[in-house]
Amino acid sequence: MAQETSRDVGPVVLLGPPGAGKGTQAKRIMERYKIPQVSTGDILRYNVAQGTELGVAAKAVMARGELVSDDLVCEMVRLRLKQPDCKRGYILDGFPRTAAQAEWLDALLENELFDNPRPTRAWPIVIRLEVDYNQLLLRITGRRSCPTCGRIYNVHFQPPQVDEICDVNGTKLVTRNDDRLEVIQPRLAAYQEQTTPVAEYYQRTGRLISINGDRPMDEVTQQIFRILEDHHA
Ligand code: AP5
């Protein structure tokens with residue numbers, strides 16, 4: 001994949017229900033523009049695995065498919081965005097997920113500027129991936145990931161070369177704890193109830209761009225690259 005590192009990208013928000021392809025597309029944006037993926041789900045899972053204070057607080061909530069409290073998540077994001085690798089921009093994957101988080105982010109970015117190529121306000125570009133419900137179920141139940149490198153596979157749409165083994169490093173692939181059938185429903189319900197207002201918030205502020213996330217991965221990627229490049233043209 002060709003790289004485009006000549007200009008600042010600024011903040012990119014990927015919105016979409018569980019299984020929409022946010023993580024998959026975030027990794028591709030990261031590779032092309034060399035800006036980091038800030039996945040609140042990944043950071044929380046890391047904390048759960050490490051047994052940190054945050055992880056202990058989040059573990060049971062995540063296992064039920066509910067949302068972790070705004071206070072904990074916002075503080076986690078604030079610390080991450082202060083890191084030097086976020087200077088040219090970053091991809092928020094899974095954040096904001098409530099109206100309060102979206103307002104918090106705007107307040108945080110109020111006085112931020114990105115040089116792109118002239119100084120510009122740091123309002124995020126918000127891209128929503130829209131995906132049919134049955135397709136989401138197939139994507140979530142078929143997902144496997146590599147615990148070593150984080151690469152995401154799908155037994156239906158993007159299988160590894162050898163069953164259940166990572167192509168990159170030979171590690172056995174794992175299924176996420178919250179991809180169990182009984183947790184999928186509450187996750188989708190949480191999205192519907194708590195994250196729909198986020199899309200409405202960005203719609204009102206004229207920043208929401210919705211795309212058809214049902215298309216094959218490469219087509220979705222091309223649409224996203226076009227949006228990012230048109231935005232900065
Ligand atoms: P999080 O980790 O953010 O999970 P999610 O939003 O449920 O999203 P997923 O990771 O399930 O899906 P995705 O859209 O990234 O899809 P992917 O690219 O993997 O959050 C987990 C939990 O953490 C939450 O439930 C909550 O408890 C907590 N949390 C996180 N953020 C929070 C916040 N801000 N506030 C409060 N709590 C928070 O793709 C899915 C599958 O489909 C893969 O197998 C992939 O290969 C395949 N696929 C992708 N695109 C395509 C395509 N175009 N065609 C065919 N297959 C595809």
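Biologist: Where does I125 lie?
Modeller: I125 lies in strand β6, which covers residues 125-130. Helices (H or I, at least four residues) and strands (E, at least two) are DSSP runs, numbered from the N terminus. This is a predicted model, in which local features need pLDDT of at least 70 and side-chain atom pairs count only at pLDDT 80 or more, while totals for chains, interfaces and linings use all residues. Residues are numbered from 1 along each chain as its sequence is written, and side-chain values use heavy atoms, with hydrogens and water left out.

Biologist: Is I125 buried or exposed?
Modeller: I125 is buried, with a relative accessible area of 3%. Buried means under 20% relative accessible area, exposed over 50%, and partly exposed in between (1.4 Å probe, protein chains only).

Biologist: What separates the C-alpha atoms of I125 and D230?
Modeller: Those C-alpha atoms are 11 Å apart, although I125 and D230 are 105 residues apart along the chain.

Biologist: Let us turn to the whole chain. How many helices and strands has the chain?
Modeller: The chain has eight helices and nine strands. Its radius of gyration is 17 Å, close to the 17 Å that the globule rule gives for 233 residues, so the chain is as compact as a globular protein of that length. That radius is taken over C-alpha atoms, and the rule is 2.2 Å times the number of residues to the power 0.38. Buried residues make up 46% of the 233 residues.

Biologist: What share of the contacts in the chain is between residues 24 or more positions apart?
Modeller: Such residues account for 68% of the contacts with a separation of 6 or more. Contact means heavy atoms within 4.5 Å.

Biologist: Which residues is T40 in contact with?
Modeller: Leaving aside neighbours within four places in sequence, T40 is in contact with V73, M76, V77, D93, G94, F95 and R97. T40 lies in helix α2 and is buried, at 3% relative accessible area.

Biologist: F95 is on that list. What is the peptide bond from F95 to P96?
Modeller: The bond from F95 to P96 is cis, with omega near -5°. P96 is found in the loop between β3 (89-93) and α5 (99-109). Most residues other than glycine have a negative phi, and most peptide bonds are trans.

Biologist: Which residues other than glycine have a positive phi?
Modeller: Among them are K34, with phi near 55°, and E164, with phi near 65°. K34 is found in the loop between α1 (22-33) and β2 (37-39), and is partly exposed at 43% relative accessible area. E164 lies in the loop between β8 (152-154) and α7 (181-204), and is partly exposed at 25%.

Biologist: Now the aromatics. How many aromatic pairs are there?
Modeller: A search of the whole structure finds three aromatic pairs. In one of them, the rings of F95 and W104 have centres 5.9 Å apart and planes at 85°, so the pair is edge-to-face. Rings of Phe, Tyr and Trp (its six-membered ring) pair if their centres lie within 6.5 Å; planes under 30 degrees apart count as stacked, over 60 as edge-to-face and the rest as tilted. F95 is buried at 0% relative accessibility, whereas W104 is partly exposed at 23%.

Biologist: Why is the pair of Y201 and Y202 edge-to-face?
Modeller: The ring centres of Y201 and Y202 are 5.3 Å apart and the planes are at 70°, so the pair counts as edge-to-face. Y201 is buried at 12% relative accessibility, and Y202 is buried at 0%.

Biologist: How many salt bridges are there?
Modeller: The count comes to 16 salt bridges, each being a side-chain nitrogen of Lys or Arg within 4 Å of a carboxyl oxygen of Asp or Glu. One of them joins R45 to D42, with the closest N and O atoms 2.8 Å apart. Both R45 and D42 lie in helix α2 (residues 40-50), three residues apart, about one turn of the helix. R45 is partly exposed at 26% relative accessibility, as is D42 at 35%.

Biologist: And R176 and D178, are they buried or exposed?
Modeller: Both R176 and D178 are buried. They form a salt bridge, the closest N and O atoms being 3.0 Å apart. A network of salt bridges links R143, R176, D178, D179 and R187.
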